[in-house]
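Hi,

Here is the model we talked about, sequence included. Have a look, and then read on for what turned up.

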Amino acid sequence: MFRGFYNLTSGMLTQQRNLDVVGNNLTNVSTSGFKQSRYTATTFDEVMLSWAGTKDKSYQEIGGPYAYIRATSQIYTDYSQGLPEPTNITLDFAIEGAGFFAIRGDDGQTYYTRSGTFTLDNEGYLCYPGKGRIIGADGQDIRLNTDRIDADKSGNMYNYDGNLLGTLGIYTFADNEAQLQHEGEGFFTGQGAQLDENPLVHWQYLERANVDMIQQMTELLTCQRSLQSAAQVSKMYDNMMTKTTNDVGRL
């Protein structure tokens with residue numbers, strides 16, 4: 001009798017969560033190196049089986065073979081390459097390929113990012129503002145002491161006298177989806193990072209976010225209309241059930 005409420009409520013929750021993901025993508029469209037996310041939903045029983053670590057469906061279904069509720073399946077991150085864009089800023093770098101810059105966070109945590117908007121801290125170390133120092137290919141913090149540098153496509157940085165000051169560490173993961181956890185604003189944490197021995201780094205470039213504005217705006221409008229429709233039908237359904245209950249009560 002009240003199945004419609006389950007369908008409509010779960011539909012509204014699904015669209016609201018999708019709106020959150022799309023909104024976050026659009027908010028970070030100007031964030032260098034940002035990777036867009038994608039929301040997926042499935043039936044509640046599929047989610048429960050996934051959490052239980054089994055695909056065995058030899059169970060007694062309660063309420064018959066109908067799915068009344070949709071639930072969050074997974075939020076995927078799209079790690080595809082963004083377009084490298086020239087900035088002509090000395091401490092800007094962009095990675096071409098699957099690697100990440102590594103940051104030794106001020107909180108002791110190691111963060112990984114595709115954003116190469118670096119600067120120097122008060123002690124002359126290459127850092128990401130507000131996050132921490134950049135880790136070099138040798139696993140140590142990179143100390144430049146100057147922003148008057150040259151750099152090559154391997155991430156080696158030299159002063160104007162040709163002396164090597166440090167090399168950017170570019171780290172890769174065997175399975176980004178399984179090993180990385182999204183921390184927001186283009187930062188990730190994870191285990192199992194491997195140093196890329198042959199990275200390709202563009203100096204004085206930044207990687208643009210891989211957010212497709214047209215696709216995300218279309219998704220946004222679709223979610224909003226679906227959410228509004230579900231809310232309106234839910235109100236109509238509620239009025240109908242109230243009227244039915246009152247009429248039955250008079251009999």
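I call something a salt bridge when a side-chain nitrogen of Lys or Arg is within 4 Å of a carboxyl oxygen of Asp or Glu. A search of the whole structure gives six of them. Before the details: this is a predicted model, so local features need pLDDT of at least 70 and side-chain atom pairs pLDDT 80 or more, while totals for chains, interfaces and linings use all residues. Numbering runs from 1 along each chain as its sequence is written, and side-chain values use heavy atoms, with hydrogens and water left out.

Arg104 sits in strand 5 and Asp141 in the loop between strand 9 (132–134) and strand 10, so the pair ties together parts 37 residues apart in sequence (strands are DSSP E runs of at least two residues, numbered from the N terminus).

Asp121 and Arg133 also pair up, again with 2.8 Å from N to O. Through shared partners, salt bridges join Arg104, Asp121, Glu123, Arg133 and Asp141 into one network.

Then there is Glu207 with Arg114, whose closest N and O atoms are 2.9 Å apart. Both Glu207 and Arg114 are buried (under 20% relative accessible area, 1.4 Å probe, protein chains only).

As for the nonpolar cores (buried Ala, Val, Leu, Ile, Met, Phe, Trp, Tyr and Cys joined through side-chain atoms within 4.5 Å), the largest has 19 residues, and Phe93 and Phe118 are among those with the most contacts inside it. A second, separate core of eight residues includes Tyr171 and Phe188.

Cheers

Definitions and conventions. Buried < 20%, exposed > 50% of the residue type's maximum accessible area, 1.4 Å probe, protein only. Helix = DSSP H or I, 4+ residues; strand = E, 2+ residues; numbered from the N terminus.
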